[in-house]
Amino acid sequence: MKYKTLKGLQDILPPEIRAWQHIEATARDIFRAYGYQEIRLPILESTDIFIRSIGETSDIVEKEMYTFQDKGGRSVTLRPEGTASFVRAYVEHHLHNNPAPQKFYYMGPMFRYERPQAYRYRQFYQIGAEAMGIEDPRLDAEIISMLARILHGIGLEGLNFELTSIGCKGCRPAYREALRDFLGDRLSSFCSDCQRRYELNPLRILDCKVPECITARKGSPPVLHYLCAECKTHFDSLKHNLDLLKVPHTVNPNLVRGLDYYTKTAFEVTSESLGSQKAVAAGGRYDGLVDEFGGPPTPGIGFAMGMERIIPLLKSSDTASGPELFICPLNQEAAEKAFLIAEELRTRGLWVESNYESASLKSQMRKANRISAENVVVFGGDELKNKQVVIKNMIDKSEVSVNLVVDEFIKILRKIGSR
Ligand code: HAM
């Protein structure tokens, strides 16, 4: 074959789309209940905004950005994540003038030039949420609880909610020094990138994926021991509020985020079924970022979940992709009736297919199976005469006899259908 998708990119074909739409629809419903409104942002941004926010020494900025010059000679980048673009828009449109909290969500593709592997792509899709203007840890608990409800609503179970606090501008210098002291003694064991990071931003060494660096940094001081009183109270209150909302969670003092903008709360939702790329969603607080982008000091918190990591965790019942009903007509008169009933059922919102040409029952059933029809009904001479048909569920093989009336079909299909 001559042309193929680029490495690390993929086409999402119709059989998988139902799962994608199920995730998006569930998220939209839950976002609405929590007052989050959709924001759509450009995919291409000025490179500076990512360097400024994600951090010069982060892996994303150092190695993974799709950056190029446009025809006007500007350096532009395909967004590697959504928060930087969002904060740019938040400041540009003075959204801070609206009453706090201002809450937003977005869905769309992100681009990172990473080494592709299972569940890790170069173009991947995130659903993200950002809440602005409130420092209170109850907002942190609320957004984590919302994330839990979305993931549960999608059908995921057995996820771990891991959290930590990584301190603020006030307590970070003492921590950075403690870390530098610890790492300084064994600097020669680290990769050359980490040796450079030691000077520029030693915290980034904690995020290095090189095996020798992972070994060499074992036993490094945990950031939780260096929190100032304010950060400690904030973190304790977050845990208390998560308990109140009954969101199970664990503290993971070794949790490191790959982006520099975080302050205080940081969290990750992981699944053991995903191997080394186990983060299904992740986020945290970024109380200094709006300031950094030239806006008034405004706290913020958010998360993003990765679609390509959620899809493989869904049960097949959530991802079935066939019509709700396949009608098999056995003669010309039945074909016309099928044609008519299919149209009426579609106007009522059901996905219905039928055979256009006459064919044997066997071949029609084979087709219904191939297109994963959830239910099948046969229209033959007897059925039309008696105005009675049998709707057969192809998944659990149950059968229901109904009158040949659209309303009765709807009642039955809505009851046995999964949507
Ligand atoms: P992140 O941890 O870089 O955070 O990414 C969030 C999620 O995106 C990950 O947990 C993962 O599910 C998914 N993801 C990341 N990289 C890939 C990849 N190469 N292939 C597939 N999935 C991937 C952020 O992006 C922050 N902007 C989240 C945030 C929002 N923090 C505050 N607000």
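## Basis of the description

Because the model is predicted, local features need pLDDT of at least 70 and side-chain atom pairs count only at pLDDT 80 or more, while totals for chains, interfaces and linings use all residues. Residues are numbered from 1 along each chain as its sequence is written, and side-chain values rest on heavy atoms, with hydrogens and water left out.

Helices (H or I, at least four residues) and strands (E, at least two) are DSSP runs, numbered from the N terminus, and two strands pair if DSSP finds at least two bridges between them.

## The sheet of eight strands

An open sheet of 8 strands has the order β1-β5-β6-β11-β10-β9-β7-β8, and its pairing is mixed. At its edges stand β1 (37-38) and β8 (250-251), each of which pairs on one side only. Strands of a sheet pair through backbone hydrogen bonds, either parallel or antiparallel. Strand β7 (residues 160-165) runs parallel to β8 and is joined to β8 by 2 bridges, and the bridge partner of Leu 163 is Val 251 in β8.

Helix α1 (residues 14-33) lies across β1, β5, β6 and β11 and runs at about 5° to β6. Helix α5 (residues 137-154) lies across β5, β6, β7, β9, β10 and β11, running at about 15° to β11.

Another open sheet has 3 strands in the order β2-β4-β3, with antiparallel pairing; its edge strands, β2 (44-46) and β3 (66-69), each pair on one side only. The twist from one strand to the next averages 35°. Between β3 and strand β4 (residues 75-78) there are 4 bridges, and Gln 69 stands opposite Ser 75 in β4. Helix α2 (residues 47-54) packs on this sheet, touching β2, β3 and β4, and its direction makes about 75° with that of β2.

Strands β15 (residues 388-393) and β16 (residues 399-403) run antiparallel and are joined by 5 bridges, with Gln 388 opposite Asn 403 in β16. Their hairpin has 5 residues between the strands, and Lys 397 in this hairpin takes a positive phi near 65°.

## Around the ligand

The ligand is surrounded by 27 residues, of which the closest are Glu 81, Arg 112, Glu 114, Tyr 121 and Tyr 262; a residue is near a molecule if one of its heavy atoms lies within 4 Å of it. This shell divides into 14 nonpolar, 6 polar and 7 charged residues. Strand β10 gives the largest share of the shell, 6 residues.

A polar side-chain atom of Arg 257 lies 2.9 Å from an oxygen atom of the ligand, and a polar side-chain atom of Tyr 261 lies 3.1 Å from a nitrogen atom of the ligand. A polar backbone atom of Val 280 is 3.1 Å from an oxygen atom of the ligand. The protein covers 96% of the 650 Å² of accessible area that the ligand has on its own, as given by the Shrake-Rupley method with a 1.4 Å probe.

## Backbone features

The peptide bond from Ala 100 to Pro 101 is cis, with omega near 0°, and Pro 101 is found in the loop between α4 (83-92) and β5 (102-111). In strand β9 (residues 263-270) is Lys 264, whose phi is near 50°, a positive value in a residue other than glycine.

Notes. Axes fitted to C-alpha atoms, helices over the stretch in contact; angles between N-to-C directions. Contact = heavy atoms within 4.5 Å. Polar contact = N/O pair within 3.5 Å; in protein donor to acceptor, adjacent residues only side chain to side chain. Nonpolar A, V, L, I, M, F, W, Y, C, P; charged D, E, K, R; others polar.
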